[in-house]
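Open the structure in your viewer and keep the sequence beside it. The stops below say what to select next and what is there.

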Amino acid sequence: IYIDTDNSFRASRLVSIIGNVSNTAFRRAEDALDCVTVLNVHRMDDLLHELQQALKTSTPSMIIIDCLGSLVAPMLGGVAYDAGHDVLSRMAMHLKRIAAEHHVAVLVTNYTIGGEYGQPSGHLSSEDDAFYMKRAALGETWVGQPHVRLQLVMHQDGTSHHQGSSRARRAFLHQSTNMPSGACVD
């Protein structure tokens, strides 16, 4: 189940990703689209309702929420600040319950925003500067919620991978239940 919160889902991109992966489960990459349920959700109030309805008719192996930050951002500023953090904490609790009850992986994407200092350090590589200058948009309320937290940073040197189809990324491990934090891999 792919939950699209900002109209960014493109079937052609999914076909491209699947086409680059050695996968014998599908004769054609396009056949994989039959296994994906896409839900368009634009309000936090609708997220759980739509997800619970979809779970009544399908048994997914993964739920992707892309991007939770766009749903909760309007609730995290101004006078609704505390209420927004309460909603975010309750959403995390519901998603963990759904993962446990349905034996399904739940992947939540998030935006990054400018970090504490906002300026390059001058003594780090460009990828490390990008890492240290950015932080998760959902903030401290969300930090302890996921079992695993990764940050993907685009390489600044233009290097490519997988037949030059896209620029390489570096994945930084911020938190894991079974690995030490701080690891990174290209």
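Is D45 buried or exposed? The model is a predicted one, and in it D45 has a relative accessibility of 59%. Exposed means over 50% relative accessible area, so D45 counts as exposed.

**Stop 1**

R43 is partly exposed, at a relative accessible area of 47%. D46 is partly exposed too, at 30% relative accessibility.

Move on to R97 and E101. Both belong to helix 4, where they sit 4 residues apart, about one turn of the helix. Across the whole structure, a search finds 4 salt bridges. In general terms, side chains of opposite charge can pair when their charged atoms come close.

**Stop 2**

Select residues 44-57, which make up helix 2. Which residues of helix 2 are buried? They are M44, L47, L48, L51, A54 and L55. These residues span an arc of only 135° around the axis, so they lie on the same side of helix 2. Turn the view to the face pointing away from that buried side: D45, K56 and T57 are the exposed residues there.

**Stop 2: the nonpolar cores**

How many residues does the largest nonpolar core have? The number is 25, and the residues with the most contacts inside this core are I1, I3, M44, L47, L51, I63 and L68. At least two residues of the core come from each of helix 2 (44-57), strand 3 (62-66), helix 3 (68-72) and helix 4 (81-102). Apart from this core lies another, with 5 residues, including Y2, L14, I18 and A32.

Leaving aside residues up to four places away in sequence, L51 touches I1, I3, L39, I63, L95 and I98. As a general matter, nonpolar side chains in soluble globular proteins tend to be buried together.

**Stop 3: the cysteines**

Select C35 and C184. C35 counts as exposed, at 56% relative accessibility. C184 is partly exposed, with a relative accessible area of 43%. How many disulfides are there? The count is 0.

**Stop 4: confidence along the chain**

Finally, color the chain by pLDDT. The average for the chain is 79, and 73% of the residues score at least 70. Where in the chain is confidence highest, and where is it lowest? The highest mean, 95, belongs to strand 4 (residues 105-108), and the lowest, 44, to strand 8 (residues 160-161).

Over residues 116-123, pLDDT stays under 50, and the model has 7 contacts for them beyond four places in sequence. Over residues 160-165, pLDDT also stays under 50, with 9 such contacts in the model.

Terms used
Residues are numbered from 1 along each chain as its sequence is written. This is a predicted model: local features need pLDDT of at least 70, side-chain atom pairs count only at pLDDT 80 or more; totals for chains, interfaces and linings use all residues. Side-chain values use heavy atoms; hydrogens and water are left out. A disulfide is a pair of cysteine sulfur atoms within 2.5 Å. Buried means under 20% relative accessible area, exposed over 50%, partly exposed in between (1.4 Å probe, protein chains only). A nonpolar core is a set of buried Ala, Val, Leu, Ile, Met, Phe, Trp, Tyr and Cys residues joined through side-chain atoms within 4.5 Å. Contact means heavy atoms within 4.5 Å. pLDDT is the predictor's confidence in each residue, from 0 to 100. The arc is that of the directions from the helix axis to the C-beta atoms. A salt bridge is a side-chain nitrogen of Lys or Arg within 4 Å of a carboxyl oxygen of Asp or Glu.
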